[in-house]
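Trainee: Please take me closely through one part of this model. Start at the axis, then go into the chain.

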Protein chains: 2
Amino acid sequence: MLPPRSNFSEWYSAVLKEADLVDLRYGVKGFLVIKPWAFKVIKAIYALYEKELERDDHAPVHFPAVIPESYFAKEKEHIKGFEGEVFWITHAGHNKLEERLVLRPTSETAFYPMYALWIQGWRDLPLKLYQSGTVWRYETKATRPFLRVREILWIEAHDAFATHEEALAQVERDMAMAERVIRAKLGIPFLALRRPQWDKFAGAENTFAADTIMPDGRALQIATTHDLGQHFAKAFSITFKDSSGRESHVWQTCYGPGISRIYAALVALHGDEKGLIYPYAVSPIKVVVVPIPRKGKEGVVEAYAGKVAERLEALGIPFFVDTTDRTPGNKFFYWELKGVPFRIEVGPREAEEGTVVLASRLGGKETIPLEELSTLPERGRAFDAQLRERAEAFFTSHLFEASSWEELEEKVGRGMVKVPFCSIDMDGVECYHRIKEELKAEVRGEELRGEKPGGERCVVCGKEAKHFVWVAKQY
Amino acid sequence: MLPPRSNFSEWYSAVLKEADLVDLRYGVKGFLVIKPWAFKVIKAIYALYEKELERDDHAPVHFPAVIPESYFAKEKEHIKGFEGEVFWITHAGHNKLEERLVLRPTSETAFYPMYALWIQGWRDLPLKLYQSGTVWRYETKATRPFLRVREILWIEAHDAFATHEEALAQVERDMAMAERVIRAKLGIPFLALRRPQWDKFAGAENTFAADTIMPDGRALQIATTHDLGQHFAKAFSITFKDSSGRESHVWQTCYGPGISRIYAALVALHGDEKGLIYPYAVSPIKVVVVPIPRKGKEGVVEAYAGKVAERLEALGIPFFVDTTDRTPGNKFFYWELKGVPFRIEVGPREAEEGTVVLASRLGGKETIPLEELSTLPERGRAFDAQLRERAEAFFTSHLFEASSWEELEEKVGRGMVKVPFCSIDMDGVECYHRIKEELKAEVRGEELRGEKPGGERCVVCGKEAKHFVWVAKQY
């Protein structure tokens, strides 16, 4: 058994180790070795997201991992935001480089010099490209596997449009993709928020984020999309001629689903004291077959397990037959820890009757005829729906409201708290500072399509509230 | 039209540009921006290879892109071979790092410290893991897109075994995977060679490589696999206890299909003066539909093109209907340049008859009933077989034999030349130097299962030949 879920921090460390997801002994702080049982799921998450991006007319590209300092320094806010947290390449072979290179912390300054070359006229717009890969940030806070690392697995999409309206529509589409992948497929609920001005991406006009709530009540940002306005377009001279021949700067967005963090949320939200629970949609194997031999009937059971395997093979359902020399009980325990959605048990009785015992990782067992293994994909969808409902129930029960400072103070450690707040423009920054200093919490922003206050007062300063914002402690 | 294929260097540069495969204007030498029409095929090649590796019981992992200098320096031959061609990270944020980091040029020294921790007993063997990704080498020679770059797309598989025999059997399996992916699926022929001792991977016992021949007659290495012996096992203390409790070092192999170079070979070998020709197996779209309207019949043709599209959609065949305002002739020209295997033309006559004109990028056109679009995948396989045969015919016609220095000298610029050679152990290095200096060519090694000389004499020194070796100018 793992530590109780109520001690989330210990549970998380234990599950990473016991389920063999990462090795933390690599010799560079914040850099993980990600083992197959985690990385297979991460690959599946990438594939789901790439499919959605391509459906939304994004095409895949490969940009270099290194950015010359001269590109990196072009947008003033951007370099100010990032220069303290990048890795610098200064030498190659036995030579000192003429120009230093940055290991990309994000790729705006790699993509946009090319966008300036590629975009000439309105026919070149919209331009929508994405790259799946890795970025590196010299994180100075304490690192935590998948949650706060120096080598981050993510996807970034960089889009350019003729108008601000189209760019804002893309922000909505980005959030809709997050709904389809993160919530619908992976069962991870989140709030879609507009971040306060003091917490936006360096160089953006506005930042929008998907925040989920971890088992310890702290908010975790799992995807962001940024309305870049024309800031980078101006810094990199990305212009186009419209159909009347007039030259304008493009309007840009960039989108970053954080694959490392989505995986962290998947592990954290769905797991239990027995271990992981992987959604059927992304689990490397959907079902494990455990033969339960009885003395004198070993051959019968083995042959029948083979028959079950043949059937699963024919159905195209990824599976594993556990014929190791552990006891059945140990096998149950092991595959529960690994989070495989279904387990099939077959003994002499099942062999005789042509049935299997089908156990769900979410509880419950039933005996079904061998032919009904064809219902596994359907049962898998039901399994994922059940996981999603559990996670939604947890999420909803950790959303609070407060209408006073005292109430906020009382609730803020437990989840995300909705409060009336004076302003998420820079005028609200003083109130934010008080929340930050006294409650060690963050103003996560207002909901994308949330209601507006009708006369409520800011819980900090008492001035008229312009927004309802969500406040939480964060990762 | 592109430059003639006989001027391969110009043809290659032109097709990269005209078919919009890369942008060479990124501000760091040897680092490509790879555009969607190339990168989609590269992704497909990765997927094919990953599938083969997983069928061969390899599991995917993620290792960091940075290697601490202390790891990197552990195997003496290895660091000697690589230290002149790595990028060094020396600073992060505003700090100088305590230990310099290497941007991985290959990952032996990242994987093997972990292998020492993971491998304890014989039950932990074999260990077979792979990583798809990028490595970086500070290439000092002239760079060439995909052929010689500083950011290399590849896959690396690192395997550990209990015995040398098992390791050598893996070398054979690695070459068999290359056969299945590179030759069978992508239609790229190659020779499987054991490299001379003076040309092996830094730290290996023996290097084996797949070499293809480019249109200019020069050899291109597209995959390598290395018998590492116990060199790294000793440097990194990777040991296991066998079933009798005796401790031994593991035997290792590492395998590197070079995805950048495989893509280069695919472009170079299959293309013609009209442009690219993509194999059906990896082409981003399998067929382009070009409506050929006639005055007064625009609506009929448009509706029928829609019907064709519906049918292709239902069949799950990736396609594109070109409804841009270019002329049909320009559209033909454009999609031929892009290398799409099939083109469907539909005009009023086809609409009336319920047929389509189906043209192959390899030549030939026929009119088939709409229902027969279901034969496209089968036609695609035949298309790929035809491509492969063309490439094999080219390849075979560029394999020569020579039994004297003069004959070698005469043929070596035209392809790969098989000659009797004294020795590919270090005793042959003098003869190699003469080939290198006087012919500007390389000894590429002996065939993996090739015949042995029966009394022939080395074409260089005239001593008894131990091997037939292939000599060629190289990329």
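Mentor: In chain A of this predicted model, A:Ile89 comes closest to the rotation axis, its C-alpha lying at 2.1 Å. Chain A goes onto chain B by a rotation of 180° with 0.0 Å of shift along the axis, RMSD 0.0 Å (least squares on C-alpha atoms of residues with pLDDT of at least 70 in both copies). The two copies are therefore related as by a two-fold rotation axis. Both use the same surface: 100% of chain A's contact residues (heavy atoms within 4.5 Å) recur in chain B.

Residues are numbered from 1 along each chain as written, and chains are lettered from A and ligands numbered from 1 in the order written. Local features need pLDDT of at least 70, side-chain atom pairs need 80 or more, totals for chains, interfaces and linings use all residues, and side-chain values use heavy atoms, without hydrogens or water.

Now strand 22 of chain A, residues 442-447; strands are DSSP E runs of at least two residues, helices H or I runs of at least four, numbered from the N terminus. Strand 9 of chain A, residues 191-194, pairs with strand 22 antiparallel over two bridges (pairing takes at least two DSSP bridges). There, A:Leu193 bridges to A:Glu447. Strand 23 of chain A, residues 467-472, also runs antiparallel to strand 22, joined by three bridges. A:Gly445 has A:Trp470 as its bridge partner.

How values were computed
Buried < 20%, exposed > 50% of the residue type's maximum accessible area, 1.4 Å probe, protein only.
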